[in-house]
Each structure stands twice: as C-alpha cells, then as structure tokens.
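The following paragraphs lead through a structure step by step, from the chain as a whole to individual segments. Please keep the view at hand while reading.

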Amino acid sequence: MLGSIRTGGLVGLKTTWSLGKVIFPITLLVFILQYTPVLPWVMDRIAPFMKILGLSGDAAIPLVLGNFLNLYAGIGGILSLDLTVKEVFIIAVMLSFSHNLFIESTVASKVGVKIWLILLVRIGLALLSAIVINLVWDGGAELAQYGMMPAEQADPEGWGQIILLGLQKAGYGVIQLAIIVIPLMMIIQIMKDLKWMDVFSRWMAPVTRALGMNANTSSTMVTGLVVGLAYGAGVMIQAVKEEGVSKRDVTLAFIFLVACHAVVEDTLIFIPLGIPVWPLLAIRLTTAILLTVTIAYFWRKTDVKKEKERQYEEDYNHTV
C-alpha cells in the first residue's frame, strides 16, 4: 500500500508540474489583461453578433469573462447585469461548452489532441446551442432572479498590485491542481495495484465501446466528468504513457469531455441564477454522446476505406 501511495504521489507531482507549466503563465496573463484595453476591445467587437444568439449586447461581458477566465468570472459578469431567464440560460449553456478556453484547451493539447480541434468543438457547440435555443424557446422573457451576489473585492491600485494579485491567483491555481491531482493519482495507483481498475474497465467497457472507444479510456472519462477537463487531462497523460491509449481514443475522449465535463460542479453553480439546470445538464450530456458517437462512426468508416485501399494496392502490386 505504501509503495502504491509513493508511486502515485510521484506521478501526481510530475503531472502537476506538466500541467502547472501551462496553467500558471496563462492565468497570470489573462488576469493582467483584465486591466488593459484588450477585454473591452474584444467585448466591443462581439456585441453586434449578440442578437443572432438571442442576447443583448451587454451579454458579451459574461461571455468574454467566462471564456477568458472561468465559469465563476462569467457568473460574476451575469450578476452585474439585468438579464432575462432566457438570456441567462443561453449564456449558461454557452459557457458550459466554452469556458476557460486558454487553460483547458491548452492542457488538452498536452495529451496530443490538436488545440484547433478542441477550440473548434467548444466554440462551435457554444454558438450552435445558443442559436438553436433562441429559435426553439419562446419563453423565459421575465427578468432572472439571482439568488446570490458576489463578494465585494477592491480593485488593485497600480501595476504592482495587479501583478502581485495575478501571481497569487496563478499560484493558487497550481496549488489547487496539486491538491486534486496528487491524491487522485495515489488512489488510481492503489486501484491499479489492487486490480480494481481492471474490474472498473470491464464495467465501463459497454459504455466506452458504445461511444466508439476502447475500455482503457474509462478512468479518464469518469475523472473528466466528475472533476473537470484539466484534471481529466492529467489522468489521460498518465494513461497514454502506461496503458497505450491510442490517439484516436484520446481524441474521442476529449471531444466527449469538452462537451460534458465537471457535470456536478458546472451544473450546480448555475442554480442561484434562477434558471432550470436539469435541461442544462441534459443538453450537455446528450450533445456529448451524439457528437462522440457520430465522429467515431465516420472515423471508423474512413479507417475501413483506407484499409481497403491499402489492401487493394498491395494485391495489385503483388499481381504485377
């Protein structure tokens, strides 16, 4: 048992170091950008497109904050505005698909998934979901009643305080990552040594096969669903090294997780905003399943076609 804990702890430290090198500088950079003209400039450019999504121009504020930072920053932006239930619901769905883009998408790329693919899926799902909800839902015209308000926080004075606060937030982000990832890797290592992971993989095999993946992606899927995309990436990095998870399965797993990850936390935090959260969860889960199954189907057809062409070419060359 002690050997498993020691091995898992070392793996957790290595994983934290690998992900922390991404999280720290990006968190610091994005925090500093809040106090420059960059974010207001982005908001001004986005505002004209809001009507297509069923949103007012002010809704650009939580969308930009949520995508540049995280869901909590996006919710803080929502609480500062008078929005209808429909607008808040649309923003919640969009941010569920597309938030914390810089960190989560870059972390996902650490396991070999193309960053442009992650960004395309996340932003595409956010935009498409908003357009569909705006066209389909006629209700939600009443003003949203917020059940909480963010704690007041004094603005930093001068660039010295801004940089100091940015360093604190970036450091806290890495510490928070370590607090979750290191114990998680210890638990996974213990489960591996006790052969529990083999049992768990067998239980999850029908689900992963239905989604077009092999059973060795099960630990990553569950981790990403429960604790989030960044931490799921940490498990996947180790799985790629130890379990030989294929590039195809890595890509499919992350396509699923970018659509539906941290389902408990990311769903519950929207409850105080006065919107229906069960439809929010259902939209994310359904979209993730359909998208992953569809991509896996066409990917498999393409592989079969390439294999037939390769076999035909070999047979042709052999006869000649």
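Of the 320 residues of the protein chain, 47% count as buried, where buried means under 20% relative accessible area with a 1.4 Å probe, counting protein chains only. The protein chain exposes about 16600 Å², of which carbon and sulfur atoms supply 68%; accessible areas come from the Shrake-Rupley method with a 1.4 Å probe.

This is a predicted model, in which local features need pLDDT of at least 70 and side-chain atom pairs count only at pLDDT 80 or more, while totals for chains, interfaces and linings use all residues. Residues are numbered from 1 along each chain as its sequence is written, and side-chain values use heavy atoms, with hydrogens and water left out.

The protein chain contains 14 helices and zero strands; helices are DSSP runs of H or I with at least four residues, strands are runs of E with at least two, and both are numbered from the N terminus. Among contacts (heavy atoms within 4.5 Å) with a separation of 6 or more, 77% join residues 24 or more positions apart.

Helix α2 spans residues 38-46, and its buried residues are Leu 39, Val 42 and Met 43. They lie on the same side of α2, because they cover an arc of only 100 degrees around the axis, taken from the directions from the helix axis to the C-beta atoms. An α-helix has 3.6 residues a turn, so residues three or four places apart point the same way.

An unreviewed UniProt entry places the feature "transmembrane region" at several segments, including residues 88-109 and 115-137; such annotations may be inferred rather than shown by experiment. Over residues 88-109 the chain is 86% helix and 0% strand, with the end C-alpha atoms 30 Å apart. Residues 115-137 are 96% helix and 0% strand, and their end C-alpha atoms are 33 Å apart.

Conventions: Buried means under 20% relative accessible area, exposed over 50%, partly exposed in between (1.4 Å probe, protein chains only).
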